[in-house]
Amino acid sequence: DAIGSFERTPFSATGSGQAFLIPLMDNVITHRNRCDEKRELSKEEVVEIVKDAFVTAGERDIYTGDAVEIMVVTKEGIETIVFQLKKD
């Protein structure tokens, strides 16, 4: 609509690698459909998981690209991390 809207989500991904990333993030980050105990992950752990997920998506999806921009949103602000996926 003209005013806009928002959706609060723990993570988001768009693009051709999304089909690889979202199920992994559902499982690892939000702990959906798991029977084991959920443990709190640090910001650094989550960023490393996201990097690994994009490297993995890039291996299966040629359109994923050569770099990913990770944006960490906290009450202190937004931190942007650019991570190179491939050298070729």
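Arg32 forms a salt bridge with Asp26, with 3.5 Å between the closest N and O atoms. A salt bridge here is a side-chain nitrogen of Lys or Arg within 4 Å of a carboxyl oxygen of Asp or Glu. The model is predicted: local features need pLDDT of at least 70, side-chain atom pairs count only at pLDDT 80 or more, and totals for chains, interfaces and linings use all residues. Residues are numbered from 1 along each chain as its sequence is written, and side-chain values use heavy atoms, with hydrogens and water left out.

**Salt bridges**

- The count comes to five salt bridges.
- Asp26, the partner of Arg32, is buried, with a relative accessible area of 18%. Buried means under 20% relative accessible area, exposed means over 50%, and partly exposed lies in between (1.4 Å probe, protein chains only).
- Glu45 forms a salt bridge with Arg39, and their closest N and O atoms are 3.1 Å apart. Glu45 counts as partly exposed at 30% relative accessibility. Arg39 is exposed, with a relative accessible area of 52%.
- Lys51 forms a salt bridge with Glu48, at 3.4 Å between the closest N and O atoms. Both residues lie in helix H2, three residues apart, about one turn of the helix. Lys51 is buried at a relative accessible area of 16%, while Glu48 counts as partly exposed at 42% relative accessibility.

**Nonpolar core**

- The largest nonpolar core has 15 residues, of which Leu21, Met25, Phe54 and Ile70 touch the most other members. Such a core is a set of buried Ala, Val, Leu, Ile, Met, Phe, Trp, Tyr and Cys residues joined through side-chain atoms within 4.5 Å.
- Helix H1 (18-28), helix H2 (43-60) and strand E1 (67-74) each give two or more residues to this core. H2 gives the most, with five residues. Helices (H or I, at least four residues) and strands (E, at least two) are DSSP runs, numbered from the N terminus.
- Leaving aside neighbours within four places in sequence, Leu21 is in contact with Ala13, Ala53, Phe54 and Ala57. Contact means heavy atoms within 4.5 Å.
- In soluble globular proteins, nonpolar side chains tend to be buried together.

**Helix H1**

- Leu21, Met25 and Asp26 are buried in H1. Seen down the axis of H1, its buried residues fall within an arc of 130°, so they line one face of the helix. The arc is that of the directions from the helix axis to the C-beta atoms.
- H2 is included in what covers the buried residues of H1.

**Helix H2**

- The 18 residues of H2 should span 26 Å at 1.5 Å a residue, and the end C-alpha atoms are 26 Å apart, which agrees. The expected span is 1.5 Å times one less than the number of residues.
- The buried residues in H2 are Val47, Val50, Lys51, Ala53, Phe54, Ala57 and Gly58. They cover an arc of only 165° around the axis, which puts them on the same side of H2.
- Exposed residues Glu44, Thr56, Glu59 and Arg60 sit on the face of H2 turned away from its buried side.
- H1, E1 and strand E2 (77-84) are what the buried residues of H2 pack against.

**Strand pair**

- E1 and E2 run antiparallel and are joined by eight bridges. Two strands pair if DSSP finds at least two bridges between them.
- The two strands form a hairpin, with two residues between them.
- Glu69 has Val82 in E2 as its bridge partner.
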